[in-house]
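Here are a few exercises to work through with the model open beside you. Try each task before you read its solution.

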Amino acid sequence: MVVSFFLYRVFGDPARSAKALWFSSMRAYGRKRWRIAAEFCHEGLANAAKLKEPLRSRLEAPLEIQLARVLHRQGKLAQAEESLARGLAKAQNLFAANSEMLLAAELLWGDLCSDSARHTEAEAHYRKAVEGDEAAANLPGTIFDLQRLTDCLMRQGRMREAEQVCLQAIGAELRQTRQLAARQGRDLDNSVITAISQPKLHFCREQYDEAAGILRAQVENWKTAPHRPDNIDIGEMLIFLALSETRAGQLETAAATYEQAAAQFESDWCAGHPKAIAARAAKAALELPAPVQA
């Protein structure tokens with residue numbers, strides 16, 4: 001009877017069921033089980049639709065945003081953006097302006113625009129995320145936002161602006177590192193700290209060999225790390241490594257790196273993802289030297 005009552009409370013009540021399915025989707029997302037994560041979201045939305053307002057929208061908003069994250073991973077960019085727009089419209093009416101959910105949604109929207117090569121739109125969303133996280137004194141969130149904004153400005157060829165934002169990201173990274181060290185009782189005064197954003201600063205300053213050297217070390221480090229933070233995308237790191245190698249005149253090496261990036265995107269995201277397609281298109285665009293005839 002106790003088990004039956006528990007199952008009824010969780011799955012018989014649409015509100016409880018919607019919440020449980022949202023959590024289940026996030027767990028499946030963490031395991032890269034995109035199809036199952038999407039199914040949990042759809043089932044959760046079906047349960048939320050049985051409820052009255054404002055509870056219905058309060059449950060639909062996080063489910064729509066979560067579904068957008070999953071669809072993005074599946075390479076379904078247009079569907080992801082539609083789901084995100086629905087979820088964000090509801091969330092804006094129900095949650096605080098600087099809530100974690102809203103700011104994460106702005107960051108995701110920026111990523112969707114970026115993957116669709118709509119960099120001006122992406123920039124606007126990234127700047128909203130930066131403003132919100134700075135106002136909320138969310139240092140980790142601010143770091144993620146500044147890193148994305150740096151990438152966006154670099155893709156637009158606005159290197160001077162990208163450099164300034166990159167310096168902000170590096171400063172925020174170093175503050176976070178020192179705060180963490182202080183809590184752990186460690187002294188970093190005599191330590192050399194290389195920020196994750198450091199190679200992009202070199203790139204903005206046209207120091208391509210320096211950028212490539214640090215990026216290679218970072219890629220190797222994160223490939224073997226037992227835990228990888230959400231802001232570490234090895235595929236994106238490989239893309240900027242290939243760009244650095246290209247600018248340094250190492251075209252054959254860059255071609256191999258673009259192929260590594262495509263394979264990494266297909267491993268971390270899905271086969272045929274737009275990120276992987278873009279990496280192979282960049283590889284194909286390289287003007288490689290003709291092979292020497294025997």
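**Exercise 1: a residue and its surroundings**

D111 counts as buried because its relative accessibility is 14%, where buried means under 20% relative accessible area, exposed over 50% and partly exposed in between (1.4 Å probe, protein chains only). This is a predicted model, in which local features need pLDDT of at least 70 and side-chain atom pairs count only at pLDDT 80 or more, while totals for chains, interfaces and linings use all residues. Residues are numbered from 1 along each chain as its sequence is written, and side-chain values use heavy atoms, with hydrogens and water left out.

Task: find the helix that holds D111, then list what D111 touches beyond four places away in sequence.

Solution. Start with the helix: D111 lies in α6, residues 100-115. Helices are DSSP runs (H or I, at least four residues), strands are E runs of at least two, and both are numbered from the N terminus. Next, look for contacts, meaning heavy atoms within 4.5 Å. Leaving out residues up to four places away in sequence, D111 touches H72, Y126 and R148.

**Exercise 2: two helix pairs**

Task: decide whether α8 and α9 run roughly parallel or antiparallel, then do likewise for α2 and α4.

Solution. Take α8 (residues 139-155) and α9 (residues 159-183) to begin with: they pack at about 160°, with axes 8 Å apart. Axes are lines fitted to C-alpha atoms, for helices over the stretch in contact, and angles run from 0 to 180 degrees between N-to-C directions. Angles under 35 degrees count as roughly parallel, over 145 as roughly antiparallel, 65 to 115 as roughly perpendicular and the rest as oblique. Helices α8 and α9 are therefore roughly antiparallel. Residues making this contact include L139 and I143 of α8 and M159 and V165 of α9.

Now turn to α2 (residues 14-30) and α4 (residues 55-73), which pack at about 20° with axes 10 Å apart. These two are therefore roughly parallel. Among the residues in contact are W22 of α2 and L59 of α4.

**Exercise 3: the whole chain**

Task: how many helices and strands does the protein chain have, and what is its mean pLDDT?

Solution. Count the elements: there are 14 helices and 0 strands. Then check pLDDT, the predictor's confidence in each residue from 0 to 100: the mean is 92, and 93% of residues reach 70 or more. Over residues 1-10, however, pLDDT is below 50. Where pLDDT is low, the predicted coordinates should not be read in detail. Finally, buried residues make up 46% of the 294 residues.
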